[in-house]
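Here is a short report on a two-chain model. Keep the sequence and the structure in view as you read.

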Amino acid sequence: MTVVADTAEVAEPVRKAPGYWAGVFKRFLNDPVAVTCTIVVLLLILAAIFAPYLGLNDPYKASMIKRLKPIGFPGFPLGTDEQGRDMLARLIYGGRLTLFVGLVPVVLAFFIGSTLGLVAGYVGGWINTIIMRTVDVFFAFPSVLLAIAISSALGAGIINSLVSLTIVFIPPIARVAESATASVRALDYIDAARATGGSALTIIRVHVIGNVLGPIFVYATSLTSVCMILAAGLSFLGIGVRPPEPEWGLMLNTLRTAIYINPWIAALPGVMIFITSLCLNLLSDGLRSAMNVKD
Amino acid sequence: MFAYLIRRLVYVLPVAVGVSIICFLLVHIAPGDPLTAIMPVDATQEEQAAMRSAYGLDKPLPVQYAIWIGKAVTGDLGKSIATGRPVAGEVFSAVKNSLLLAFTASVIAFPIGLLLGFIAGYFRDTIIDRLVTAFAITGVSVPNYWLGIVLVIVFSVQLGWLPSMGAGPGGSGQWAWDYAHIKHLILPSVTLAVVPIGIVARTVRALVGDIFSMDFVQALYAKGMRHGDVLRHVIRNAAPTALSVMGLQLGYLLGGSILIETVFNWPGSGFLLSNAIFQRDLPLLQGTILVLALFFVSMNLIVDVAQAAIDPRIKRS
């Protein structure tokens, strides 16, 4: 036995061929737009996490006499808001809640939606019917409407926003997961795995997930930009994050009255939402072509 | 075709019932008692009980749903808690204004999106393609409620050319196609058009690019067909998918205009909805969402049927 094992080791090629993920990584690095956007998004996330250590002004400290000061006002590089609070600090601290409520629902929906889609696509039959028809009902609402409907029924608050946005993004992800799983399930090697006695769980774990997770993941990343815009939109409507927390959508709302006094300050929080969502979209496009996923 | 229509209808009915159940349940996932919004703080137990039975809130849920849906199909969506007026009437006039906004936005968005997408797909991997793609991804990424505010800053506050809010001298009820009204429509509809321009352009670009690389295009050129006639074949192949994207976008425009209507104080369904949210007017909330969602469902149905009508491959599958 040992002899056989030894020869097998010797016969192993010295250099391993680069794997699929190494190729994806290399192609992604060759895409300057995608790399730039990744860096921007990472910087925004890091700035939000380490905001207390950046030597910024207190984002909650209001001042009656320093309200709506222009960009470049001494001590306030990006001016002040309608309550005299430092805009730069509020924009950076604002990234905390905006990015959290904008990204976490897609992550949660990715896990729940993929699981539902995998089960529905692999098991089929009446389980598929129950899961997918329920998904269809939620899919029948335009996403903005569904998010607003659930959020307004639950009331304002961070947890409620997370819940409503997760519910909004489960159906599209479950649909993609289901159709990807159903097409993989029809392939011969799944039949072969079943014929050799693999249990459903083993087959899903070993043979199905690896082949469907890529497309589902790419699809989920394409939803992050929409989710960010929706999350900030809920706060903009007053059914998301509550004041006085700094959050880009909420800031955009409370600064609306300032458009006659200092319009460019009023537009700043939206610039942050725009930059983030643009970078998330370009990042997702870059990932899609690096992973060679077709819609 | 008729069989296909029936099949689609049979499929849509359970979805519509499901949608109505979700709208009905919205009131019941709401924390707190829906009555607290209208009852005075010092209301007695008896008064509360009387109000409860007046709104039918003392019955079990399935019974409440049956009563609610039974009335809804006859056009009775209950009474607004805040104003006491019938919900159906308020929703109807608001949806009319939203439709006006959504249709105007799509009249702006679809030709531009189609044209840009086609040009980019035709000149694939050239500088023109890159410019259009950059423009389209900007359109898809922009938070349109912010874009609305920026347009107000530029065209209302700075230049003073266009009004920043409302639907014109006629208020919410009287719309007329004269300049006094149309100038109120310009900013909100342009704002609303930006996202669908991006989506339609992106979809059509990918579609047209793929069709041009198909074998049949090569074959048409090879047999000596003129360039213009080949384009006609490409457009015919792209039409069903492009049509379905535009149909869906029209539905999204109606449901998604809520934020834009809030920015511009446009007296549409979104404006009604945000009022309902702030006054916790649950029957109004329920009714508005039901009407909008059912509109979206029927829009999908129309798109599917229209797609099948022009694309014989769909009926067979």
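## A transmembrane span in chain B

How far apart are the end C-alpha atoms over residues 242-264 of chain B, and what percentage of the chain there is helix? The end C-alpha atoms are 30 Å apart, and the chain is 96% helix and 0% strand. Helices (H or I, at least four residues) and strands (E, at least two) are DSSP runs, numbered from the N terminus.

This is a predicted model, in which local features need pLDDT of at least 70, side-chain atom pairs count only at pLDDT 80 or more, and totals for chains, interfaces and linings use all residues. Residues are numbered from 1 along each chain as its sequence is written, and chains are lettered from A and ligands numbered from 1 in the order in which they are written.

The UniProt record (unreviewed entry) lists "transmembrane region" for chain B at residues 9-30, 99-123, 144-162, 182-204, 242-264 and 284-306. UniProt positions follow the numbering used here, feature names are shortened, and annotations may be inferred rather than shown by experiment. Residues 99-123 of chain B are 96% helix and 0% strand, with end C-alpha atoms 35 Å apart.

## Where the chains meet

The interface joins 38 residues of chain B to 35 residues of chain A. Contact means that C-beta atoms, placed from the backbone, lie within 7 Å. On the chain B side, helices 1 (2-29), 5 (127-141), 6 (144-158), 9 (227-256), 10 (258-264), 11 (269-278) and 12 (282-310) each supply at least two residues.

That side of chain B has 30 nonpolar residues, eight polar and no charged. Ala, Val, Leu, Ile, Met, Phe, Trp, Tyr, Cys and Pro count as nonpolar; Asp, Glu, Lys and Arg as charged; the others, Gly among them, as polar.

## Helix pairs in chain B

Helix 8 (residues 215-222) of chain B packs against helix 9 of chain B at about 160°, with axes 10 Å apart. Helix 8 of chain B is therefore roughly antiparallel to helix 9 of chain B. Axes are lines fitted to C-alpha atoms, for helices over the stretch in contact, and angles run from 0 to 180 degrees between N-to-C directions. Under 35 degrees is roughly parallel, over 145 roughly antiparallel, 65 to 115 roughly perpendicular, and the rest oblique. V217(B), L220(B) and Y221(B) in helix 8 meet V230(B), H233(B) and V234(B) in helix 9. This contact has five nonpolar residues, one polar and no charged.

Helix 4 (residues 87-122) of chain B packs with helix 11 of chain B at about 135°, axes 7 Å apart. Helix 4 and helix 11 of chain B are therefore oblique to each other. From helix 4 come E90(B), V91(B), A94(B), V95(B) and S98(B); from helix 11, S269(B), G270(B), F271(B) and L272(B). The classes here are five nonpolar, three polar and one charged.

## Chain A

Chain A has eleven helices and zero strands. Of its 295 residues, 44% are buried. Buried means 20 or more other C-beta atoms within 10 Å of a residue's own, exposed 12 or fewer, and partly exposed in between, with C-beta atoms placed from the backbone. In helix 8 (residues 188-195) of chain A, zero of the eight residues are buried, so this helix lies largely in the open. Just after helix 8 of chain A, G197(A) takes a positive phi of about 95°.

UniProt (unreviewed entry) places "transmembrane region" in chain A at residues 33-56, 97-124, 144-170, 216-241 and 261-283. Residues 216-241 of chain A are 85% helix and 0% strand, their end C-alpha atoms 29 Å apart. Residues 261-283 of chain A are 91% helix and 0% strand, with end C-alpha atoms 36 Å apart.

Definitions and conventions:
Contact = placed C-beta atoms within 7 Å.
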